[in-house]
Every structure is written in structure tokens, then in C-alpha cells.
Amino acid sequence: MNPQEVFDVWKARKSQGDVGREFTDQVMVAIRRREATRAIGGLVLLRHMTARPWAKAAAIVIGALLGLARIIATIHLILFA
Amino acid sequence: MDEQEVIQRVLDGDTESFRLFVERYAGVVTRMIRNLTDDSHTCEDLAQEVFLTAYAKLRTFDPARSQFCTWLLTIARNKAVNAAGRKKPRYMADPPEQADASDPEMSAERKELLAALDRAVLALPLNQRTAFVLAEFEQLPYEQIAQIEGVRLGTIKSRINRARVKLMEVLRQFEADIP
């Protein structure tokens with residue numbers, strides 16, 4: 001028995017081994033499930049918002065403030081750039 | 001297809017395009033985790049986690065900083081190191097299962113030496129083990145290993161060298177023990 005030979009066999013064994021096609025399918029299923037959960041999460045948030053008048057009002061106010069901030073930033077850029 | 005193109009497709013909502021990455025890298029990711037953790041039962045679960053994390057964080061991948069493969073293997077390395085760190089060392093109790101696997105023709109001495117090498121790799125400090133596994137089993141270039149490990153090239157060379165010296169000691173010990 002040549003230990004160096006065994007060492008090479010050992011290294012070759014460790015470098016072998018692949019996964020089956022089912023692994024890829026499992027990963028893709030998990031990804032799609034995660035995407036679906038995220039989409040449902042978004043829908044739930046939307047439903048919560050539409051069901052509460054104060055949430056709708058808050059969304060409108062936030063939108064208006066963001067719009068205003070953007071207008072101010074643009075004016076500032078034009079005047080002082 | 002160019003990997004950057006695939007990444008863009010995935011980011012644009014074509015989830016199915018990510019399959020290409022899973023098919024291309026599942027082998028190396030799973031092997032790397034198995035060799036680092038010595039756990040053939042959970043390595044596929046951990047590999048799946050790696051791909052899910054990569055998918056979730058794909059937007060943060062910067063092609064200017066590294067190749068996709070390097071980025072993915074960095075995620076795999078971190079998960080494997082965390083898992084290996086959590087795990088109670090097994091090499092003292094029973095020999096790893098790969099060592100005595102399947103080959104009935106293999107002599108007892110040979111099996112013993114394979115088991116000793118398995119134990120020696122698992123006994124390496126984690127940073128030496130990861131560098132050694134990536135260099136020797138996955139044949140990755142040292143530069144890529146340095147990127148994955150987040151250290152300098154010289155550090156990687158020295159870690160791999162130290163790991164090799166320890167394994168060579170195991171071999172020498174066997175040569176001395178066996179007439």
C-alpha cells in the first residue's frame with residue numbers, strides 16, 4: 001500500500017458527488033413559495049390599508065410629503081447647482 | 001448564457017432563470033458544505049438555504065467586486081462554517097461515514113488510512129479546513145479562495161500549507177506504523 005496513492009484516492013473521492021435533478025426542483029419550489037408568500041404579504045398590507053380610513057389618509061399624506069420634498073429638491077437644484 | 005444577463009432576468013422577475021445557477025453550482029456548493037461539516041444528511045438542506053439566501057440577496061451582488069460563483073461560495077462558506085462551529089466534533093467518537101464507504105475490496109489498512117485522513121481534516125482549525133477543502137477538493141484558484149475567505153493571498157497559501165503539513169504527518173505516521 002502506497003500512502004500517497006491512498007491520499008490521491010481520498011482526495012478524488014472528496015471531489016466527487018453531485019446532487020440529483022430533484023435538488024434543483026426543490027430549490028425552485030422553495031423560491032416560488034417564498035415569492036408567493038411575499039406577494040400575499042403585499043396583498044395583506046394593501047387590504048389592511050384599504051380597510052382603515054386612517055391608513056389610507058396616512059398613505060396619501062406620506063405620498064404628498066414625498067412629492068413636495070422632491071419638488072423642493074428640484075427647485076433647490078435649479079437655483080443653487 | 002452570460003451570468004450577468006441571467007441575474008438581470010431574475011431581478012426583472014423571471015424567477016425560473018435562477019434554475020440555471022442552481023443547476024450549475026449545486027454540486028460544488030453541496031460538496032463544499034459536506035466536506036466542511038462532515039454531515040452528509042443535512043448538507044443538502046444547508047445547500048438549499050444557500051441558494052435561497054443568494055436569491056433573496058441577489059440585488060446586493062456586485063459584479064465589479066467578484067464573480068457570481070465567488071459570491072455564492074462565500075455565502076456557502078459562511079453557512080457551512082456556522083454549522084460546523086455549532087456542531088459537536090464527531091471525529092473523536094466515530095469515524096466519518098465516507099471513510100469506510102461501499103468498497104468491499106478495499107483493504108482494512110487502506111480504509112483505516114482514509115478514516116485517519118477524514119479525522120485529520122476535521123481536526124484542522126476551521127480557517128485551514130475551509131482553505132484546504134476549497135483548494136484541494138474543489139481545485140479553486142488561490143485568488144478566488146482569498147476572496148471567499150476575505151483574507152490576503154499569502155494568508156491562504158500559508159493556511160493551505162499548514163493543513164497539508166498536518167495531513168502529510170498523518171500519512172507519514174501510517175508509513176511508520178505499517179511495515
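In chain B, helix α4 (residues 68–86) and helix α7 (residues 142–149) have axes that come within 9 Å and cross at roughly 50°. That makes α4(B) oblique to α7(B), a word kept for angles that are not under 35 degrees (roughly parallel), over 145 (roughly antiparallel) or 65 to 115 (roughly perpendicular). Axes here are lines fitted to C-alpha atoms, over the stretch in contact for helices, with angles running from 0 to 180 degrees between N-to-C directions. Helices are DSSP runs (H or I, at least four residues), numbered from the N terminus.

A word on the source: this is a predicted model, where local features need pLDDT of at least 70 and side-chain atom pairs count only at pLDDT 80 or more, while totals for chains, interfaces and linings use all residues. Residues are numbered from 1 along each chain as its sequence is written, chains are lettered from A in the order in which they are written, and side-chain values use heavy atoms, with hydrogens and water left out.

Back to α4(B) and α7(B): contact means heavy atoms within 4.5 Å. On the α4(B) side the contact is made by B:Cys69, B:Thr70, B:Leu73, B:Thr74 and B:Arg77, and on the α7(B) side by B:Gln144, B:Gln147, B:Ile148 and B:Glu149.

Helix α4(B) also packs against helix α6 (residues 126–137) of chain B, at an angle of about 135° and with the axes 11 Å apart. These two are therefore oblique to each other as well. Here α4(B) brings B:Arg77, B:Val81, B:Ala84 and B:Gly85, while α6(B) brings B:Leu126, B:Arg129 and B:Thr130.

Now for the two chains together. In chain B, 39 residues are in contact with 28 residues of chain A. About 3,200 Å² is buried between them, and carbon and sulfur atoms give 64% of that. Buried area is the accessible area (1.4 Å probe) that two parts lose on being put together, summed over both.

A salt bridge is a side-chain nitrogen of Lys or Arg within 4 Å of a carboxyl oxygen of Asp or Glu.

| Chain B residue | Chain A residue | N to O distance |
|---|---|---|
| B:Glu16 | A:Arg32 | 2.8 Å |
| B:Arg19 | A:Asp25 | 2.9 Å |

B:Arg19 lies in helix α2 (residues 19–37) of chain B and A:Asp25 in helix α2 (residues 21–51) of chain A, so the pair joins two chains.
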